[in-house]
Structures are given as C-alpha cells and as structure tokens.
Amino acid sequence: MFTKLARVGLTAAAIVLAATTFALAETTATPAPVLVSQAAATPKPSPNAFTYHGYFRAYDFTRQNAYSAYGGPGPGSKANQSSENNAISLSGNYAFLGSGFSVGASYLYANPFNGCTSSASAIYPANSSNPCYVSKAAPALNADTTLPQFEMSTLYEAYLKYNGNGLNFQGGDMAYGTPWTPTSDSRLKPVSYEGADLSYKINPNWSVEAMDFWQWECRTCSAFDQGTLLTDIAPGGFGYSGATTYSSLYYDPTETTYKTNGTFYARLGYSGPKDLPLAANIYYYDFQNIASMFWLDAKMPLGTSKLKPYAALQAGTENAPSSDLLGKIQSTIFGFQVGFNPMSDVLLTAGFDNVPWRTDTITLPTGFKCNATTHQITSTKAYNYNFPYFLPATGGSAQCSPNASNAALTDVYYGGWASPYTDSYVTDPTFVTSGTTGLVDRRGGGSGVKVAATFTADNKQFWIQVAQTWYDFSNSGYATGTNATDLDTQYFFMKMPKSGPYKGLSFRLRLFSRSATDFAAPGEAIAGLFKYSRFQAEYDF
C-alpha cells in the first residue's frame with residue numbers, strides 16, 4: 001500500500017511540475033451533500049473568443065473483500081483488488097462573439113503504465129501469462145476494473161452550443177448530466193451522451209427542457225455505443241469494465257450488447273421568489289426498450305433562521321412491460337431529507353428512502369426453477385434465456401419462494417428501480433445512496449436511512465464529510481441488511497477564488513466500509529465486510 005501511495009505521490013509531483021505551464025482554470029467542485037434543483041441557468045458570456053481548461057488526475061484504488069462468495073472460503077472466495085491510473089483531460093471552446101453560438105471539444109488520455117492497452121486485455125487471454133487478466137478467485141490480487149486498469153484515449157466531447165434570449169441549446173457529444181443520466185465523474189473521466197438538449201427559461205420562475213440522446217460513452221469507455229449498464233454485460237461475454245453482470249437470467253451467447261435506442265428526457269422546473277423559495281422539478285424519462293419513469297424533486301428552506309434549516313423530498317414511478325429487455329418493471333420510490341447548520345461551517349443532514357417490494361405468484365416459465373434454500377431463480381436453459389421480471393441482484397436479496405399454498409406456483413419478488421446509466425456506478429440521486437451501494441444498485445425493494453455531517457473551512461480550502469447509512473432489504477424470502485460508513489475529504493493547496501473556477505492542486509481521500517447483517521439464508525453472496533479506499537491527486541488548469 002505504501003509503495004503504491006509513494007508512486008501516486010511521485011505522479012502528483014509530476015502533475016504539479018507540468019501544470020505550472022498552464023494559466024487558465026477549471027472548476028474542482030465540492031460534491032453537494034443535498035439535492036440541488038435543475039433549474040435552467042444562463043451562463044455569463046466569456047470575454048474571450050477561445051478558452052480552454054483541463055486537469056491532470058492520478059488515482060490509487062484499493063478494495064479489501066473480507067468475505068466469501070456464496071458461503072465459506074475456498075476457490076469461490078472474492079479476491080482483493082487494487083489499481084492505479086493517470087489521466088490528462090483537455091477541453092477547448094470557441095465562441096462566435098455576439099452571436100450566442102460556440103463550439104467545443106474535450107479529449108482524455110489515460111495510462112496506468114502497466115502494459116494493459118485496452119479493456120479487452122483485462123479479459124483475454126484468460127490465463128496467467130496475461131499480466132492484465134483479472135482472476136476471479138482469491139488469493140489473487142485482482143485489478144479494480146472500475147478505475148479502470150487499462151489505457152484510454154477518447155474525444156468524449158464535440159458539441160455546438162447556443163445561448164441567448166433565455167434559450168439554451170447543445171448538440172453533439174457532451175458531458176451533460178441530469179438526475180438519472182448523470183456524468184458520474186468519480187473516476188478518470190465523466191460519462192458523455194450523444195444527442196441534443198434544448199432548454200428555455202419562460203420567466204424568472206419557470207423553465208422547460210427536453211433532451212434526446214441515442215448513444216453514450218461510459219466512464220471506462222473510449223467510444224460511444226447503444227448499450228447501457230443494465231444491458232451490456234453477458235456471462236462469458238464482453239461488456240463495460242466496471243459494471244457488474246446484470247443477471248444470468250438475461251443472456252444470449254451470440255450477443256454481448258443488447259442495443260437500445262437511447263433516452264428521451266423532459267423537465268418542467270420551478271424556482272420560487274424570495275417569499276416562497278421553493279425549487280422543484282418534475283422529470284419524464286423514456287429509457288427506450290427498458291422502462292419509462294416519472295421523477296419529482298423539491299427543496300425548500302424552513303424559515304430564515306441562522307441555522308438555515310431546509311426540507312427536501314423526492315418521489316418517482318417506473319414501469320415496463322415484461323416484453324421489454326429487462327422484463328417486468330413496476331417500482332416506486334419516496335424519500336425525504338432534512339438538514340441544518342448548527343454552526344456556519346457545519347452541515348448536518350438526515351435522509352430516508354423507501355422502495356416497496358412487490359410479489360407475483362406465477363407458474364415459472366419452462367427452464368426456470370426456484371431454489372428453496374437460497375431463494376434465487378436459476379435457469380436450466382443452454383442459451384437465449386430471459387426471465388420476464390427485473391429481479392433483485394443475484395444473491396443480494398431473495399428473488400423467490402415456493403408458494404405455501406400450491407407447490408406448482410412460485411412467489412416472485414421484484415419492485416426494484418432500474419437505472420440504466422447509474423447501476424453499479426452508485427451515482428443515482430436518492431438521498432440514501434452511499435459511496436459503495438444503495439437501494440437502486442441492489443435492484444430490489446427496501447428502505448434506507450442516511451445521516452451525514454459536513455465541515456467546510458472558512459477559506460473553503462478544506463472540507464470533510466462523514467456519513468452512516470443503514471439499509472433493510474428484507475422481504476418474505478429472508479431478512480438481509482447492510483450498514484455503510486463513508487469518509488470523504490479534500491484539500492485544495494491554492495487559495496480558493498472569490499468567484500470563478502479553482503486553479504491548482506488538490507488531494508482527495510475517500511474511505512468506505514460496508515458490512516452485511518441479519519442474513520437468514522446460506523449462500524448469501526455479499527455476507528461479510530468490504531473496505532474501499534480511493535486516493536486522488538488532481539491539478540486543474
């Protein structure tokens with residue numbers, strides 16, 4: 001560990017030396033601990049026709065998997081993981097002054113200096129002669145594929161923009177985020193989407209927005225495609241490194257990507273006056289070939305006290321017929337959050353979310369069975385098998401139980417929220433998502449409570465957040481829960497500007513610990529303790 005940190009430290013020193021040749025700044029944003037309205041903003045025009053910015057990043061990731069897969073030690077045990085990688089991102093924008101139009105592009109190059117030149121090198125050839133091959137079992141030390149552990153080279157943005165008279169348009173390849181199609185920029189590069197976005201500020205209080213995109217580029221990808229995090233991985237096949245296999249019940253060995261037609265998105269936003277400072281948005285998502293979703297978020301200060309108390313809520317519904325790619329989806333989420341500042345530099349928050357379980361009693365399709373011990377659905381089909389329900393993650397919660405009244409019937413548990421662009425990234429907008437898991441990533445029902453404390457120094461050069469989350473994923477199959485503890489801190493070496501973006505070096509350290517509790521079934525895939533550390537050195541210019 002110390003050797004790796006020293007290596008990252010040397011990389012950070014190289015970053016500082018190289019970055020002194022640059023003069024313009026890029027924002028290094030402190031992540032918001034609470035929900036923020038998506039009201040359309042009108043950026044100030046740049047006084048210069050051409051501007052550029054970028055960053056250097058060096059990462060060290062270490063995962064300690066102190067548990068066994070499917071019960072007990074042995075060949076099936078989960079191996080520990082470790083990866084390092086380094087990247088440079090360069091962005092430029094040219095504004096046609098006086099017209100409102102501009103064009104821009106962003107390029108990223110990453111190299112871990114380990115000889116792994118592509119994502120395929122982490123999979124093939126699958127033997128010890130390949131230094132990039134990811135073994136599946138302990139005691140091997142696997143690479144952390146989410147960083148990733150291989151080289152990347154991509155032009156992830158190339159766009160045309162227009163801004164004027166309350167109208168904003170952007171089209172092309174763009175790192176542009178919404179609550180359920182976020183940029184997920186917690187690794188080397190952000191997620192990008194290929195499409196067009198149009199927003200209009202009707203008046204000071206109301207705004208509308210619509211977006212349609214047909215391809216995306218994941219955060220470990222170097223090209224755009226029509227996949228998603230829920231449709232690109234197939235057992236034994238090749239998909240996005242950094243995503244987990246959706247389910248062995250959705251598999252065609254002749255396919256590695258189930259193509260979708262992208263996503264259509266619309267939003268109506270409200271931002272109230274000073275006497276009613278409510279910020280609220282209602283969204284519609286059509287994840288084509290997967291599901292349709294309605295989502296609401298709102299936040300409002302509670303009075304004018306120096307404690308700055310506030311309340312926020314979120315709610316949503318998601319539906320899909322069994323004929324869609326992931327099978328039947330019928331899900332709801334409701335959550336709320338409260339917060340206040342006991343001191344000017346401390347923010348305390350508490351949040352809750354609930355995803356109700358649903359149960360259907362059915363005759364299982366031919367080729368499927370329910371294991372009465374592990375409460376998991378398995379398939380005996382050789383290929384092209386597709387179970388017509390969006391099920392909880394394999395091993396994470398009970399998926400089924402034999403019906404108590406009729407042995408020919410099976411109770412199937414579902415109700416999870418399908419999130420094709422955040423699943424396994426842990427970047428969804430729910431109040432109880434922690435650094436390593438959440439209700440959405442478990443793909444089933446359940447509830448969660450999260451409390452957090454954030455300290456921000458008066459000069460804004462240092463901040464730290466500590467959070468604790470408790471999850472209950474229990475259903476009629478068996479009881480299962482998870483506790484997660486997160487620590488996230490960042491230090492900025494340069495003085496923070498009064499306005500405009502930050503320029504300079506920063507260090508960020510994130511420590512995560514997660515433990516599983518109250519398991520009633522043997523064979524639980526995630527029982528035990530999981531620890532995760534991420535160290536980031538970054539220079540913004």
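Modeller: What follows sets values against cut-offs, one label at a time. Keep in mind that this is a predicted model.

Colleague: What makes Arg 57 and Asp 185 a salt bridge?

Modeller: Their side chains meet at 2.9 Å, N to O. The cut-off is 4 Å, so the pair counts. Arg 57 sits in strand β1 (residues 50-66), and Asp 185 in the loop between β5 (167-174) and β6. They are 128 residues apart.

Colleague: Which salt bridge does Arg 57 form with Glu 538, and how far apart are the closest atoms?

Modeller: The closest N and O atoms are 2.9 Å apart, within the 4 Å limit. Arg 57 lies in strand β1 and Glu 538 in strand β25 (residues 529-540), so the pair ties together parts 481 residues apart in sequence. Glu 538 is buried, as is Arg 57.

Colleague: What about Lys 189 and Glu 217?

Modeller: Their closest N and O atoms are 3.0 Å apart, which makes a salt bridge. Lys 189 is in the loop between β5 and β6, Glu 217 in strand β7, so the pair joins parts 28 residues apart in sequence. Lys 189 has 0% relative accessibility and counts as buried. Glu 217, at 1%, counts as buried too. The whole structure holds eight salt bridges.

Colleague: Now the rings. Why are Phe 368 and Phe 387 called edge-to-face?

Modeller: Their ring centres are 5.1 Å apart, within the 6.5 Å needed for a pair. Phe 368 is in strand β16 (residues 368-370), Phe 387 in the loop between β18 (385-386) and β19 (400-402). Phe 368 is buried at 8% relative accessibility, and Phe 387 is buried at 0%.

Colleague: How many aromatic pairs are there by this rule?

Modeller: The count is 33. One of them is Trp 216 with Tyr 421, edge-to-face at 5.1 Å centre to centre and 75 degrees between the planes. These two residues are 205 residues apart, Trp 216 in strand β7 and Tyr 421 in the loop between β20 (410-414) and β21 (446-456). Trp 216 and Tyr 421 are buried. Ring pairs also place both in a cluster, with members including Tyr 193, Phe 213 and Tyr 285.

Colleague: Which residues touch the most other members of the largest nonpolar core?

Modeller: Trp 180 and Trp 216, out of 34 residues. β7, β10 (279-287), β11 (291-301) and β13 each give two or more residues to this core. Apart from it lies another core of 16 residues, among them Cys 132 and Phe 150.

Note on methods: Residues numbered from 1 in each chain as written. Predicted model: local features only at pLDDT ≥ 70, side-chain atom pairs only at ≥ 80, totals over all residues. Heavy atoms only, no water. Core = buried A, V, L, I, M, F, W, Y, C linked by side-chain atoms within 4.5 Å. Buried < 20%, exposed > 50% of the residue type's maximum accessible area, 1.4 Å probe, protein only. Helix = DSSP H or I, 4+ residues; strand = E, 2+ residues; numbered from the N terminus. Phe/Tyr/Trp six-rings, centres within 6.5 Å; stacked < 30°, edge-to-face > 60°.
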